[in-house]
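Reader: Hi! Could you walk me through this fold in plain words?
Author: Happy to, here it is.

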Amino acid sequence: MSETIFSKIIKREIPADIVYENEEVLAFRDISPKAPVHVLIIPKTEIATVNDIQPEQAELVGKLFLAAQHIAKQEGIAEDGYRLMINCNQHGCQEVFHLHMHLIGGRQLRGMST
Ligand code: 5GP
C-alpha cells in the first residue's frame with residue numbers, strides 16, 4: 001500500500017488536531033468538517049479499504065468503534081447521537097486509502113443521501 005496523508009499524520013510529519021490516541025488507534029478532526037463534530041478514526045496499521053481488512057484484524061476494527069464511543073462522550077454528543085461512516089473505493093467516494101471511520105455529529109443530521 002502506498003503511503004497516504006494519514007500515515008504522515010500518524011508519524012507526526014504533518015500536523016493534525018488529534019483528539020484521541022492509543023497504541024493502535026488515532027483520531028483527529030477532519031480538515032474539512034461537515035458538522036460541528038467531524039473526527040476521523042484510523043488504525044495505525046495501514047489498511048487501504050474495508051475490502052482489505054483481514055480476519056485477524058477484526059479486534060482492531062472493533063477498537064475503532066470503541067474509540068468512536070469514547071470520543072462521542074468526550075465531545076458531549078453521545079446522548080444526542082451521531083453518525084459513523086466508512087467510505088470504500090470509487091462508488092463509496094473514498095478519497096484517502098487508509099481505512100478511516102468518520103464520526104459526525106453536533107447537530108441534527110439529515111437522512112442518508114445517495
Ligand atoms: P473519504 O472521502 O476518504 O472517506 O474521507 C477522507 C477525509 O479526509 C475527507 O473528509 C477529508 O476532508 C479528510 N482529509 C483529507 N486530507 C486531510 C488532512 O490532511 N488532514 C485532515 N485532518 N483531514 C484530511
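Predicted model: local features only at pLDDT ≥ 70, side-chain atom pairs only at ≥ 80, totals over all residues.

Author: A word on terms: buried means under 20% relative accessible area, exposed over 50%, and partly exposed in between, with a 1.4 Å probe and protein chains only. By that cut-off, 39% of the 114 residues of the chain count as buried.

Reader: Great. In what order do the elements of the chain run?
Author: From the N terminus on, they run α-β-β-β-α-β-β. Helices (H or I, at least four residues) and strands (E, at least two) are DSSP runs, numbered from the N terminus.

Reader: And what order do the strands take in the sheet?
Author: The five strands form an open sheet in the order β1-β2-β3-β5-β4, with antiparallel pairing. Two strands pair if DSSP finds at least two bridges between them. The edge strands are β1 and β4, each pairing on one side only.

Reader: How many bridges join β3 and β5?
Author: Five, in the antiparallel sense. As an example to click on, the bridge partner of H38 is I104 in β5.

Reader: Where does α2 go?
Author: Helix α2 packs on the sheet and touches β1, β2, β3, β4 and β5; contact here means heavy atoms within 4.5 Å. The direction of α2 makes about 155° with that of β3. Such axes are lines fitted to C-alpha atoms, for helices over the stretch in contact, and angles run from 0 to 180 degrees between N-to-C directions.

Reader: Which residues of α2 are buried?
Author: L60, V61, L64, A67, A68, I71 and A72. Seen down the axis of α2, the buried residues fall within an arc of 135°, so they line one face of the helix. The arc is that of the directions from the helix axis to the C-beta atoms.

Reader: What's on the side turned away?
Author: That face of α2 carries the exposed residues E59, L66 and K73.

Reader: Switching topic, what comes after α2?
Author: G76 follows α2, and its phi is positive, near 75°.

Reader: Last one: how big a box do the C-alpha atoms fill?
Author: Roughly 35 × 30 × 25 Å, taken along the principal axes.

How values were computed:
Residues numbered from 1 in each chain as written. Heavy atoms only, no water.
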